[in-house]
Amino acid sequence: LVKSLPVWKNWLKRTSPHIQGPRVLEASFGTGYLLTQYADRFQTFGIDYNAAMAQTSKGNLQRRGLTADLQQADVVHLPYASHSFDTLVNTMAFSGYPDGIAALTEMGRVLKPGGKLVMIDIDYPKDRNRLGMALTKFLMASGDIIRDMGALFDQLGWEFQEEEIGGFGSVHLYVARRRGESASHLTQRDNLT
């Protein structure tokens, strides 16, 4: 989709201003396009359920002279210690996870206190416009699980900001932290990028 829909790249790039380091994990990185946009600035890690995607992404990074620690893993069983990352990036993948609660809980586990989840995914447009609703329903029919992300964040104790960034209001950017964990909880070392 990144290759066939150039607008997709524009959506993914909307994550860049929100990524903080030094340690960044991208969950479900696909072909690694977004990794190539920030891997030179951070200590970068990534997991994808599809082992072939890890190989494709490694090749894409190598062609650009970039490195990241990539591996095959399941988002509900992240192979990292608790409080390992300053930012976790997840784009256009959360609606594909069968268990949203388990995935968001595990994402929260590996984030440092004050760490951010930067997510782009599909949700219903706020104004319920016809084109945005049609796109969302098409993706549901294709197998995506459309969740009320605001309710899920609230249920699991996250505070978040949300912005509709495309797809006639059906593509949303979320920047979230676990409630009560502001950036002021980060140490001086953690604030280095």
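Two strands are taken to pair if DSSP finds at least two bridges between them. Strands (E, at least two residues) and helices (H or I, at least four) are DSSP runs, numbered from the N terminus. The model is predicted: local features need pLDDT of at least 70 and side-chain atom pairs count only at pLDDT 80 or more, while totals for chains, interfaces and linings use all residues. Residues are numbered from 1 along each chain as its sequence is written, and side-chain values use heavy atoms, with hydrogens and water left out.

**The sheet**

Seven strands form an open sheet with mixed pairing, in the order β3-β2-β1-β4-β5-β7-β6. Because β3 (69–72) and β6 each have a single partner strand, they stand at the edges, and one side of each lacks a neighbour in the sheet. On average, neighbouring strands are turned by 15° against each other, direction ignored; axes are lines fitted to C-alpha atoms, for helices over the stretch in contact, and angles run from 0 to 180 degrees between N-to-C directions.

| Strands | Sense | Bridges | Residues opposite each other |
|---|---|---|---|
| β4 (residues 85–91) and β5 (residues 111–122) | parallel | 6 bridges | L88 and L117 |

Contact here means heavy atoms within 4.5 Å.

**Aromatic residues**

The whole structure holds 9 aromatic pairs. One of them, Y80 with F85, is edge-to-face, at 5.0 Å centre to centre and 90° between the planes. Rings of Phe, Tyr and Trp (its six-membered ring) pair if their centres lie within 6.5 Å; planes under 30 degrees apart are stacked, over 60 edge-to-face, and the rest tilted. Y80 is buried at a relative accessible area of 12%, and F85 is buried at 0%. Buried means under 20% relative accessible area, exposed over 50%, and partly exposed in between (1.4 Å probe, protein chains only). F153, W158, F160 and Y174 form one aromatic cluster.

**Surroundings of T36**

T36 is found in helix α2 (residues 35–38) and counts as buried because its relative accessibility is 10%. A polar atom of its side chain lies 2.5 Å from the backbone oxygen of Y33. The side chains of T36 and Q37 are joined by a polar contact of 3.1 Å, a term for N or O atoms within 3.5 Å; within protein, one must be able to donate a hydrogen and the other to accept it, and residues adjacent in sequence count only if both atoms are side-chain atoms. Leaving aside residues up to four places away in sequence, T36 touches N60, L61, R64 and L66.
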